[in-house]
Amino acid sequence: MGCILVAQGEEFDVDAFLISSSLLPDQVYHRGESPLTKHPERKYPRSGFTMEVSETWGVLKPQIADAIEFLKENELELARLSAYPGVTKLCLDFPYERRKGAVTQTDSLPAELLLLAGQLGIAIDMTLYPTTGEETL
């Protein structure tokens, strides 16, 4: 799974929002529920959902193109979500890999993506992973 939309909040009634939404989440979770059967003492601190925006994992460029298309196609529903009571975090999370052999790495997001997301109150998270097969400390 590549880029995902994350919507959450301590007081977010995720079920009430989704019942009338065109957005189709991959995961829905509720504050106070345990995400793990092996560790039932761990609880979700917020209610929310995640939704796949791009199937491409690890490479930014195709994820960005998919995210721009997603924002344009779902603009009205995302604006409703952004303004929905209880939503305190709304973001697009882009997982990507460090380029193999790179000592430093600079990655940019295009103004079009930033403008679309910003107008909808959607933050951008970028999660950088080690290159596949690379040792981590």
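## Briefing: a predicted chain, residue by residue

Ile64 counts as buried because its relative accessible area is 9%, and buried here means under 20% (exposed is over 50%, partly exposed is in between, with a 1.4 Å probe and protein chains only). The model is a predicted one, where local features need pLDDT of at least 70 and side-chain atom pairs count only at pLDDT 80 or more, while totals for chains, interfaces and linings use all residues. Residues are numbered from 1 along each chain as its sequence is written, and side-chain values use heavy atoms, with hydrogens and water left out.

**Overall layout**

- The protein chain has four helices and five strands, taken as DSSP runs numbered from the N terminus (helices are H or I with at least four residues, strands are E with at least two).
- Going along the sequence, the pattern reads β-α-β-β-α-α-β-α-β.
- The C-alpha trace spans about 45 × 40 × 20 Å along its principal axes.
- Of the 137 residues in the protein chain, 38% are buried.
- Among contacts (heavy atoms within 4.5 Å) with a separation of 6 or more, 69% come from residues 24 or more positions apart.

**Surface and charge**

- The accessible surface is about 8,200 Å², and carbon and sulfur atoms own 54% of that; areas come from the Shrake-Rupley method with a 1.4 Å probe, and for residues only the protein chains shown count as cover.
- The chain carries 12 positive and 21 negative charges, and their mean positions are 6 Å apart.
- For that tally, Lys and Arg are positive and Asp and Glu negative, with His and the chain ends not counted; each charge sits at NZ of Lys, CZ of Arg, CG of Asp or CD of Glu.

**Aromatic rings**

- There are six aromatic pairs in the structure. One of them joins Phe12 and Tyr84 edge-to-face, at 5.9 Å centre to centre with 75 degrees between the planes.
- That pair links distant parts of the chain, 72 residues apart: Phe12 is in the loop between strand E1 (4–9) and helix H1 (14–19), and Tyr84 is in the loop between H3 and strand E4 (89–97).
- Both Phe12 and Tyr84 are buried. Phe17 and Tyr84 make an edge-to-face pair too, because their ring centres are 5.1 Å apart and their planes sit at 75 degrees.
- Phe17 is in helix H1 and Tyr84 in the loop between H3 and E4, so this pair ties together parts that are 67 residues apart in sequence.
- For the ring bookkeeping, rings of Phe, Tyr and Trp (its six-membered ring) pair if their centres lie within 6.5 Å; planes under 30 degrees apart are stacked, over 60 edge-to-face and the rest tilted.
- On burial, Phe17 comes in at 0% relative accessibility and Tyr84 at 19%, so each counts as buried.
- Ring pairs join Phe12, Phe17, Phe49 and Tyr84 into a cluster.

- Ile64 is in helix H2 and, setting aside residues up to four places away in sequence, touches Phe94, Ser108, Leu109, Pro110 and Leu113.
- Ile64 and Ala79 are 15 residues apart in sequence, with their C-alpha atoms 19 Å apart in space.
- Gln63 also has its place in helix H2, and it is buried because its relative accessible area is 0%.
- Leaving out neighbours within four places in sequence, Gln63 has contacts that include Gly2, Cys3, Trp57, Phe94 and Tyr96.
- Asn74 is found in the loop between helix H2 (60–73) and helix H3 (75–83), and it is buried at 15% relative accessible area.
- A polar atom of the Asn74 side chain lies 3.0 Å from the backbone oxygen of Phe70.

**Partly exposed loop residues**

- Asp26 sits in the loop between H1 and E2 and is partly exposed because its relative accessible area is 47%.
- The backbone nitrogen of Glu52 lies 2.4 Å from a polar atom of the Asp26 side chain.
- Leaving aside neighbours within four places in sequence, Asp26 is in contact with Met1, Thr50, Met51 and Glu52.
- Asp26 and Pro95 are 69 residues apart along the chain, and their C-alpha atoms are separated by 16 Å.
- Pro35 lies in the loop between strand E2 (27–29) and strand E3 (47–52), and it counts as partly exposed at 38% relative accessibility.
- Not counting residues up to four places away in sequence, Pro35 touches Arg42, Lys43 and Tyr44.

Notes
A polar contact is a pair of N or O atoms within 3.5 Å; within protein, one must be able to donate a hydrogen and the other to accept it, and residues adjacent in sequence count only if both atoms are side-chain atoms.
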